[in-house]
Amino acid sequence: MKAKARRIKEGIYKGIFTFLAFASLLFLVGITITLFLEGLPIFKEVKFLNFIFGKYWYPTYEPPEFGILPLILGSLWVTVGAVLICVPLGVGSALFINELAGRRLKAFLKPLIELLAGIPSIVYGLFGMVIVAPFLQKLLNLPVGLTAFTGSLILGIMATPTVCSISEDALSFVPRSFREASFAVGANRWQTLTRVVIPASASGISTGIMLGMSRAVGETMTVLMVCGGAAVIPRTFFQPVRPMTATIAAEMGETVMGSTHYHSLFAIGLILFLITLGFNIVAELISRRYRLKLGLGR
Amino acid sequence: MLLALTAALSFGLVIGSKALAAKKTITIKGSTTVLPIAQACAEAFMNRYPEIDISVQGGGSGVGIASIIDGTCDIGDSSRPIKDKEITKAQEKGVEVYENVVAMDGIAVVVHPSNPVNELTREQIKAIYTGKISAWSEVGGGKEKIVVVSRDSASGTFEAFNHLALDKERVRPDSLLNASNNAVAMTVASTPGAVGYIGLGYLSPRVKSLKVNSVEPTKENVVNGSYVLARKLFMYTKGEPEGLNKQFIDFILSSDGQKLVDKAGFVALK
């Protein structure tokens with residue numbers, strides 16, 4: 001009798017936790033279905049290729065034009081710029097914390113860098129708009145300080161904690177025996193670092209970089225505030241651009257539900273979703289490859 | 001015993017009628033430009049008539065008019081007149097959309113305080129925004145390039161400016177996009193070569209407003225019709241307003257209501 005009750009109890013618990021494990025999958029499926037349902041109707045009115053490669057975004061004019069190439073390129077430029085800033089900053093500080101900093105300095109620095117991740121993005125945006133943009137405008141003598149570069153700079157700083165924290169974790173997971181073996185065969189610290197430790201933690205570091213990139217490409221409030229928002233194909237880093245997320249955020253509030261413009265914003269969201277999905281798949285592939293190479297495969 | 005029963009009954013009746021009265025609601029949706037007017041008036045109105053409950057939501061002019069047509073709100077705010085397309089849609093659904101003008105708004109063209117330019121004609125504004133003029137020297141200013149600052153194309157202010165100043169021509173694609181009046185003011189205040197447009201209520205010493213066709217953008221000039229970049233603000237109702245809707249719109253049009261309009265930074269009708 002008692003055993004039976006216990007079995008039932010166990011079954012219930014198992015059911016609850018199975019449900020919890022699948023709950024996030026449920027949300028993912030729900031969001032994906034919504035994106036497709038609300039986004040696809042636009043392609044009845046605009047050809048897919050014209051949507052992706054169209055050069056002009058005039059959704060509210062008569063006749064409207066729905067070309068998101070400037071928006072896609074805006075997102076990519078800002079993201080590439082952010083990666084160029086957050087990778088050296090993030091990986092560099094991870095190496096310092098792991099290799100050079102003493103225990104006390106590490107206990108102080110790592111939480112401090114992680115604190116950067118806790119600052120709300122609108123605060124970054126305000127900081128960029130009020131302080132960084134006017135400063136850059138004067139320093140570089142630009143017509144306007146709200147540019148792709150300004151966005152990259154702020155996003156790069158925002159993504160640094162992600163890259164740093166995950167890279168540092170990866171570095172500290174390298175088994176001590178690896179270093180000891182390296183020292184034992186006569187390698188110095190630099191050789192050990194570049195030929196043993198970094199390759200061994202490369203999968204973790206690249207996961208960190210990819211997550212940093214996903215953060216940068218999906219960030220909305222900050223880019224809406226500091227990138228200027230010109231829907232043109234960017235030619236330099238020092239001109240205003242309009243990333244996809246900023247377009248959705250600025251226009252979704254005032255479109256009529258069910259209109260072509262409304263569906264086109266969902267379609268932008270869909271494209272964005274596919275791009276970040278691509279990032280995540282690449283990250284997973286890279287991480288697997290390194291694991292296999294080092295014999296750490298599952 | 002009987003007395004107690006009557007007392008209890010009448011007490012119940014009072015509570016019941018109170019509960020019934022509390023159910024009187026007005027739902028207002030639409031333009032974010034009209035939102036501050038609707039909100040200020042709704043608050044004052046609810047203070048005066050506590051039994052009436054008003055819910056005010058934004059969403060944009062298009063949403064306001066669409067909600068009137070769909071019957072999902074009582075009053076639809078709009079910062080532009082109803083479009084022909086929307087009238088057709090309303091007729092298809094058998095809805096008569098009634099227009100109430102509740103206030104006026106002027107759009108000021110603003111530049112950085114250091115800019116020597118003091119006035120532009122409407123034609124020059126159009127040429128700047130459509131990309132035919134791109135240096136301040138062409139309109140009597142310095143050597144800087146003109147940085148054109150605009151609003152997101154779904155906003156009521158953009159639609160009004162596009163209609164009033166640009167004859168619905170396309171804004172140059174490399175114009176900067178800002179999502180609010182305040183953001184435009186902030187961008188212009190920190191960019192020496194910038195030109196932007198904002199509602200009169202958002203003017204501040206941080207930016208310099210320009211005369212348009214030699215007329216200052218002031219409230220008087222908006223009301224007397226001499227300032228060209230001015231527009232009416234609407235509250236649409238299903239048919240002529242009656243009952244609660246009429247009570248509320250009459251309140252906005254009263255001198256108390258128009259004082260609130262003025263306080264919210266818009267131009268009172270009288």
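Axes are taken here as lines fitted to C-alpha atoms, for helices over the stretch in contact, with angles running from 0 to 180 degrees between N-to-C directions. Helices (H or I, at least four residues) and strands (E, at least two) are DSSP runs numbered from the N terminus. The structure is a predicted model, in which local features need pLDDT of at least 70 and side-chain atom pairs count only at pLDDT 80 or more, whereas totals for chains, interfaces and linings use all residues. Residues are numbered from 1 along each chain as its sequence is written, and chains are lettered from A and ligands numbered from 1 in the order in which they are written.

In chain A, helix H4 (residues 69–100) and helix H9 (residues 189–218) have axes that come within 9 Å and cross at roughly 140°. H4(A) and H9(A) are therefore oblique to each other, given that angles under 35 degrees count as roughly parallel, over 145 as roughly antiparallel, 65 to 115 as roughly perpendicular and the rest as oblique. Residues in contact, defined by C-beta atoms placed from the backbone and lying within 7 Å, include A:Ala82, A:Cys86 and A:Gly90 of H4(A) and A:Ile205, A:Gly208 and A:Gly212 of H9(A). The contact comprises 11 nonpolar, five polar and one charged residue, where Ala, Val, Leu, Ile, Met, Phe, Trp, Tyr, Cys and Pro count as nonpolar, Asp, Glu, Lys and Arg as charged, and the others, Gly among them, as polar.

Helix H7 (residues 148–172) of chain A also packs on H9(A), at an angle of about 155° and with the axes 8 Å apart; the two are therefore roughly antiparallel. Their crossing is right-handed. Among the residues that meet are A:Met158, A:Thr162 and A:Ile166 in H7(A) and A:Ser201, A:Ile205 and A:Gly208 in H9(A). By class, 12 residues of this contact are nonpolar, seven polar and two charged.

For helix H8 (residues 176–184) of chain A, the axis comes within 10 Å of that of H9(A), with a crossing of roughly 160°. H8(A) is therefore roughly antiparallel to H9(A), and the crossing is right-handed. Here A:Phe178, A:Arg179, A:Ser182 and A:Phe183 of H8(A) meet A:Thr192, A:Val196, A:Val197 and A:Ala200 of H9(A).

Between the chains, the contact takes 26 residues from chain B and 27 from chain A. On the chain B side, helix H3 (61–70), strand S7 (176–178) and helix H7 (181–189) each supply at least two residues.

Conventions:
Two residues are in contact if their C-beta atoms, placed from the backbone, lie within 7 Å. A crossing is left-handed if the near helix is turned anticlockwise from the far one by less than a right angle, and right-handed if clockwise.
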